[in-house]
Amino acid sequence: MAYIMLALAISCEIGATTALKYSEGFSRLLPTGLSMALYLVSFFFLSMALKGMPVSTAYAIWSGVGTAVIAAIGFTFLGEELSAVKIGGIALVIGGVVLLNLGGGH
């Protein structure tokens, strides 16, 4: 159940960060409100996930997966530049999450 809560938290965080891009510095009401609401819901689900897993594991997965997916959204849909260095950085983030899990994080 903790991993389901974590998946919901990640999904909301990805939606919130995407909406944040469109808020234009909090000058557009709808994306700003959507971003704030989704971050709030994301933190709620993250707190529920923490009832069943260590904070180090949960936060590493939440932030790492969110970072990797947001980067992919940026490259795929928002016209952001993709480089070998950026790919390497994403690989290091994912590797860090894997190592935390292999180190007995759950």
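Analyst: Start with one term: a contact means heavy atoms within 4.5 Å of each other. This is a predicted model, so local features need pLDDT of at least 70 and side-chain atom pairs pLDDT 80 or more, while totals for chains, interfaces and linings use all residues. Residues are numbered from 1 along each chain as its sequence is written, and side-chain values use heavy atoms, without hydrogens or water.

User: Apply that term. Which residues does Leu6 touch, leaving out those up to four places away in sequence?

Analyst: Leu6 touches Leu46, Ala49, Met53, Ala58, Ile61 and Trp62. Keep Trp62 in mind.

User: How many helices and strands does the chain have?

Analyst: Helices are DSSP runs of H or I with at least four residues, strands are runs of E with at least two, and both are numbered from the N terminus. The chain has four helices and zero strands. The pattern along the sequence is α-α-α-α. The C-alpha trace spans about 45 × 35 × 15 Å along its principal axes. Among contacts with a separation of 6 or more, 66% join residues 24 or more positions apart.

User: What share of the chain counts as buried?

Analyst: Buried means under 20% relative accessible area, exposed over 50%, and partly exposed in between, with a 1.4 Å probe and protein chains only. By that rule, 30% of the 106 residues are buried.

User: How do I check the length of a helix, and what does H1 give?

Analyst: Take 1.5 Å times one less than the number of residues; that is the expected span. H1 has 21 residues and reaches 31 Å from first C-alpha to last, close to the expected 30 Å. H3, residues 55-77, passes the check too: 23 residues reach 32 Å, close to the expected 33 Å.

User: Which residues of H1 are buried, and how should I read the list?

Analyst: An α-helix has 3.6 residues a turn, so residues three or four places apart point the same way. In H1 the buried residues are Ala2, Met5, Leu6, Ala9, Ile10, Cys12, Glu13, Ile14, Ala16 and Ala19. They pack against H2 and H3.

User: What covers the buried residues of H3?

Analyst: The cover includes helix H1 (2-22), helix H2 (29-49) and helix H4 (84-102). The buried residues of H3 include Ala58, Ile61, Trp62, Gly64 and Gly66.

User: Which residues have the most contacts inside the largest nonpolar core?

Analyst: In soluble globular proteins, nonpolar side chains tend to be buried together. A nonpolar core is a set of buried Ala, Val, Leu, Ile, Met, Phe, Trp, Tyr and Cys residues joined through side-chain atoms within 4.5 Å. Here the largest has 16 residues, and Leu6, Ile10, Leu46, Met53 and Trp62 have the most contacts inside it. H1, H2 and H3 each supply at least two of its residues. H1 gives the most, with seven.

User: How many aromatic pairs are there?

Analyst: A pair of aromatic rings is described by the distance of the centres and the angle of the planes. Rings of Phe, Tyr and Trp (its six-membered ring) pair if their centres lie within 6.5 Å; planes under 30 degrees apart are stacked, over 60 edge-to-face, the rest tilted. The count is three. One of them, Phe43 with Trp62, is tilted, with 5.7 Å between centres and 40° between planes. Phe43 lies in H2 and Trp62 in H3, so this pair ties together parts that are 19 residues apart in sequence. Phe43 is partly exposed at 46%, whereas Trp62 is buried at 7%. Together with Tyr59 they form one aromatic cluster.

User: Which side chain of opposite charge is nearest to Glu13?

Analyst: Lys and Arg count as positive, Asp and Glu as negative; His and the chain ends are not counted. A salt bridge puts a side-chain nitrogen of Lys or Arg within 4 Å of a carboxyl oxygen of Asp or Glu. Glu13, in H1, is buried yet has no salt bridge; Lys21, the nearest side chain of opposite charge, is 15 Å away. Beyond residues up to four places away in sequence, Glu13 touches Tyr39, Ser42, Trp62 and Gly66.

User: Where is Glu24 found, and is it buried or exposed?

Analyst: Glu24 sits in the loop between H1 and H2. It is exposed, at 53%. Its phi is positive, about 50°, although it is not a glycine. Phe26, in that loop, has a positive phi near 65°. Ser23, also there, is buried at 1%. Setting aside residues up to four places away, Ser23 touches Arg28, Pro31 and Thr32. Just after H3, Gly79 takes a positive phi of about 70°.
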